[in-house]
Amino acid sequence: MSINDIFNVSGKVAFVTGAGSGLGREMAVAMAENGASVACFDINAEGLAITADLIGKDALLIEGDVADEAAVDAAIAACVERFGSLDVVFANAGIGDPEPSLLHEYSTENWNKVIGVNLNGVFNTNRAALRQMVAQGSGKIINTASMWGLAGSSSIFPLPAYNATKGAVVNLTRELGLQYATQNIQVNAICPGFFKTALGPVDDPEFMAVTTNFTPMGRVAEASEIKGTALYLASSASDFVTGTTLVIDGGCMAK
Ligand SMILES: NC(=O)c1ccc[n+]([C@@H]2O[C@H](COP(=O)([O-])OP(=O)(O)OC[C@H]3O[C@@H](n4cnc5c(N)ncnc54)[C@H](O)[C@@H]3O)[C@@H](O)[C@H]2O)c1
């Protein structure tokens, strides 16, 4: 296979959650730019419309909540109905801790909210995807975890629920990599460091200073810098890669 073919996703069908902003938007655009058909799922319809404009060709837009299993099941079904298969799924939608704080001051309501989106949402998306992928005998799932799935963040931000969910996504990914290793289905996770998206207050100079200083490369990534990692894990280039995490963090986790 030539190097162009190895990274080629043309003719593939990709489904992206959280595609209405930030990293998910870049994943969706990366797939479309490389020839895939793309279904974009997000709770934010306005964000989806912007992503569709960037894709500039036929994209399936589905407004819904990843925490709602029926909505996710229906969205995967709609994607298969529209495009005929399901080759690549990015379980990417996520939220931060609504009120970052130490655990003894953390509300049950916020805990359940973060678990609902970041962990149950990934469960809902992976399960719905795997039902289709097992039936068709192939597929690639890419879960967006975080570098805070590999280490605690409290030296700079107290994010107990976020970190708990991201650690769980990392280990769920390992488990699923093993469960489906012989079924031509790869399951991997991306662990981003600091990227400029709507997830953090990137217009706040103090936030930017803290995140920049924490990052060995001395800068925060542009959202579009996720595209190469997304294409690698979505394409044949990663056919022998499963159950692993790809850290893209400017060196933070190497410290
Ligand atoms: N930006 C970073 O620095 C960074 C670092 C590590 C991990 N991540 C992870 O990357 C993923 C994408 O985040 P981002 O940085 O692009 O943030 P973002 O806020 O720009 O995008 C998140 C998207 O998810 C959507 N979303 C939120 N809740 C949803 C729900 N219940 N159902 C469906 N869609 C929902 C939002 O509407 C939004 O479009 C998240 O899982 C996040 O935890 C981001």
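Author: At 1.5 Å a residue, the 12 residues of H2 should span 16 Å, and its end C-alpha atoms are 17 Å apart, which agrees. The expected span is 1.5 Å times one less than the number of residues. Helices are DSSP runs of H or I, at least four residues, numbered from the N terminus. This is a predicted model: local features need pLDDT of at least 70, side-chain atom pairs count only at pLDDT 80 or more, and totals for chains, interfaces and linings use all residues. Residues are numbered from 1 along each chain as its sequence is written.

Reader: Which element gives the most to the shell around the ligand?

Author: The shell has 29 residues, with Gly18, Ser21, Gly22, Gly94 and Thr197 the closest. Helix H2 (22-33) and helix H5 (108-136) each give two or more residues. The most, three residues, come from H2.

Reader: How many residues of H2 are buried?

Author: Buried means 20 or more other C-beta atoms, placed from the backbone, within 10 Å of the residue's own. Gly22, Arg25 and Glu26 are among the buried residues of H2. H2 is largely enclosed by the rest of the structure, because the buried count is 11 of the 12 residues.

Reader: Which residues does Ala28 touch?

Author: Contact means C-beta atoms, placed from the backbone, within 7 Å. Residues up to four places away in sequence are not counted. Ala28 touches Val16, Ala19, Val38, Cys40, Thr51 and Ile55.

Conventions. A residue is near a molecule or strand if its C-beta atom, placed from the backbone, lies within 6 Å of it. Two residues are in contact if their C-beta atoms, placed from the backbone, lie within 7 Å.
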